[in-house]
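Hi,

Here is the structure I promised to send over. Have a look at it first, and then read on for what turned up.

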Amino acid sequence: MADTAIHKGLAGVVADTTAISTVDAATDSLTYRGYPVQDLAETRTFEEVAHLIWTGDLPDREQLTAFTARERAGRALDRSTLDLLRRVPESAHPMDVLRTAISYLGADDPAEDRGADLATAERLMARLPSVVAADRRRRHGLDPIPPDPSLGFAENFFHMCFGEVPGPGVVRCFEASLVLYAEHGFNASTFAARVVTSTRSDAYSAVTAAIGALKGPLHGGANEAVMHMLNEIGTADRAEEWVDRALAGKRRIMGFGHRVYRNGDSRVPTMHRALVRMAEARGAGDLMELYAAVERAMADRKGLHPNLDYPAGPAYHLMGFDVPMFTPIFVMSRITGWTAHILEQQAANALIRPLSAYSGPPHRAVPAQRSQV
Ligand code: CMC
């Protein structure tokens, strides 16, 4: 018998099992394969966390050496991909460019039809930053900078964007954000990837769908929307009035609220500390006062807490990234979670195909004749 109750937005629905991550009910803390994400973000590199998410264990020294060698060797884009990137109109959002590039990389991968494997996941992780950085550079009228295999994943991204690597403090803050963004259960983009995988389609198609889902401002697009909002408000003294007006107009305040966390997102304190470190390192004017004023107003008016996108947006701004790059950076990280879920779905697949409760007109006969024009 079908369950006829309607779960709008699938809220509260448990769709399947996963061994990749969970929000621990006792501590309200996100864990990857059992490890609290805030501890991973403080102590581990993004490469180590990618290995953990995919395989279930942190790498030992030998595994890490082998994996980082493969990641570093897989970063370069071939000429045809760089040509394609140049042809996408600059008016397109960088997420559209990324979606197009992944689709093209899939069409160009002879292994595309054989189903997803760890090698596909590694290839995607290695290449995505090269796409994001090359797109950033062409928007600034600059040639792409080839990846540097002597640099770690996070350092190399700065190198490909700016031609230089900032001090270790800044790189560490960036790396913490990548670790925090890497995985989060059956969120909308991951679920989209699992739906596509459930039809036995290929990993590139699943990731292309996931990028489309992440782009929306209720999901990953929120980190960009936060920065647009802070720019729109301008100064701390205008925050309360702005929030009141926005709420009265039924606007969603970006970077606040969460479907899973009702008492605060467990990733926020770690990212907030990284933001404070960035503000100290780079100088933030009165951005931090404005940031705090909006947070206070939201707690006071709605009792809503910030989610990860609230501190991540301004932190990326202080790192020197253009606002439309924020969600593509989220992709560079979440590709690990997406591909882990694609592999998990593939290993114990059931076609994802829910039912709907019909609300259209009742059964009726088709009129005998077409109406005359
Ligand atoms: N601003 C204003 N009101 C809000 C917000 C917000 N950010 N979030 C929730 N509410 C209100 C909402 O209007 C509703 O009020 P009422 O019951 O009076 O109609 C109530 O809170 C419950 O909202 P909901 O839509 O039922 O909750 P949800 O679980 O479907 O929404 C959410 C979760 C993330 C879509 C929502 O909080 C939101 O729109 N936030 C802003 C966008 C954002 O920051 N997204 C990033 C999410 S976390 C990271 C990621 O996945 O990328």
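Which residues of the largest nonpolar core touch the most other members? They are V179, V207 and A315, in a core of 99 residues. Bear in mind as you look around that this is a predicted model.

Next, the ligand. There are 19 residues around it, and A222, F256, G257, R259 and N307 come nearest. Sorted by class, that shell has 8 polar, 7 nonpolar and 4 charged residues.

Most residues other than glycine have a negative phi. L10, which is not a glycine, has a positive phi, near 55 degrees. You will find L10 in the segment before β1 (21-24). L10 has 13 other C-beta atoms within 10 Å, so it counts as partly exposed.

R33 is also a non-glycine residue with a positive phi, about 50 degrees in its case. R33 sits in the loop between β2 (29-32) and β3 (35-36). Is R33 buried, exposed or partly exposed? R33 is partly exposed, because it has 19 C-beta neighbours inside 10 Å, and a residue needs 20 or more to be buried.

That's what I have for now.

Cheers

Note on methods. Residues numbered from 1 in each chain as written. Predicted model: local features only at pLDDT ≥ 70, side-chain atom pairs only at ≥ 80, totals over all residues. Near = placed C-beta within 6 Å. Nonpolar A, V, L, I, M, F, W, Y, C, P; charged D, E, K, R; others polar. Helix = DSSP H or I, 4+ residues; strand = E, 2+ residues; numbered from the N terminus. Buried ≥ 20, exposed ≤ 12 C-beta atoms within 10 Å, placed from the backbone. Core = buried A, V, L, I, M, F, W, Y, C linked by C-beta atoms within 7 Å.
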